[in-house]
Amino acid sequence: MEIILFGITKDIVGKSSLDVSTLIQKPRSVGELIGLLNDTYPEFRKLSSFAVAVNGEYASQEVDLKENDEIAIIPPVSGG
């Protein structure tokens, strides 16, 4: 399971992707993944919001994750 990070989330983690297949306790849902990110990288808690996409589609916290899923963490974007 690969997590691709964009914008501020990439800055928080310090790299553009994470491989969670090496973790003993793998997240089973998007909600568990968000909890894992918040626990591992406390700066995630400071974000007002961010979207999670699983295999190219936006996903709610209830969506189940599978081992080969590609997950993207998409922070809020502002522009002018």
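R28 counts as exposed, at 55% relative accessibility; here buried means under 20% relative accessible area, exposed over 50%, and partly exposed in between, with a 1.4 Å probe and protein chains only. This is a predicted model, so local features need pLDDT of at least 70 and side-chain atom pairs count only at pLDDT 80 or more, while totals for chains, interfaces and linings use all residues. Residues are numbered from 1 along each chain as its sequence is written, and side-chain values use heavy atoms, with hydrogens and water left out.

Let's stay with R28 for a moment. Its side chain meets that of E32 in a salt bridge, 3.0 Å from N to O, where a salt bridge is a side-chain nitrogen of Lys or Arg within 4 Å of a carboxyl oxygen of Asp or Glu. E32 is partly exposed, with a relative accessible area of 31%. A search of the whole structure turns up 3 salt bridges. Another one links R45 with D39, the closest N and O atoms being 2.9 Å apart. R45 counts as exposed at 51% relative accessibility, and D39 counts as exposed at 56%. Then there is K46, which forms a salt bridge with E43, with 3.1 Å between the closest N and O atoms. K46 is exposed, with a relative accessible area of 64%, whereas E43 is partly exposed at 41%.

The side chain of S29 reaches the backbone nitrogen of E32 at 3.2 Å. That is a polar contact, meaning a pair of N or O atoms within 3.5 Å; within protein, one must be able to donate a hydrogen and the other to accept it, and residues adjacent in sequence count only if both atoms are side-chain atoms. S29 sits in the loop between β2 (17–19) and α2; helices (H or I, at least four residues) and strands (E, at least two) are DSSP runs, numbered from the N terminus. S29 is buried, with a relative accessible area of 13%. Not counting residues up to four places away in sequence, S29 touches Q61, V63, D64 and L65, contact being heavy atoms within 4.5 Å.

Now for the sheet. It is an open one of 5 strands, in the order β2-β1-β5-β3-β4, with mixed pairing; two strands pair if DSSP finds at least two bridges between them. β2 and β4 (57–58) stand at the edges with a single partner strand each, so one side of each is left without a neighbour in the sheet. β1 and β2 pair in the antiparallel sense over 3 bridges. In β2, the bridge partner of E2 is D19, and I3 stands opposite L18. β1 and β5 run parallel, joined by 4 bridges, and in β5 it is E70 that stands opposite E2.

In a regular strand the side chains alternate between the two faces of the sheet. β1 has a covered face, I3 and L5, and an uncovered one, E2 and I4.

Over in strand β3 you'll find V54, which is buried, with a relative accessible area of 10%. V54 and E70 are 16 residues apart in sequence and 5.8 Å apart in space, C-alpha to C-alpha. Leaving aside neighbours within four places in sequence, V54 is in contact with V30, A59, L65, D69, E70 and I71.

That brings us to the core. In soluble globular proteins, nonpolar side chains tend to be buried together. A nonpolar core here is a set of buried Ala, Val, Leu, Ile, Met, Phe, Trp, Tyr and Cys residues joined through side-chain atoms within 4.5 Å. Of the 19 residues in the largest one, I3, F44, I71 and I73 touch the most other members. β1 (2–5), α1 (7–13), α2 (30–40), β3 (51–54) and β5 (70–74) each supply at least two residues of this core, and the largest share, 4 residues, comes from α2.

Take I73 as a way in. Setting aside neighbours within four places in sequence, I73 is in contact with I3, I4, L5, F6, T9, L33, L37, F44, F50, A51 and V52. On that list, T9 belongs to helix α1 and counts as buried, at 0% relative accessibility. With neighbours within four places in sequence again left aside, T9 is in contact with F44, L47, I73 and P75.
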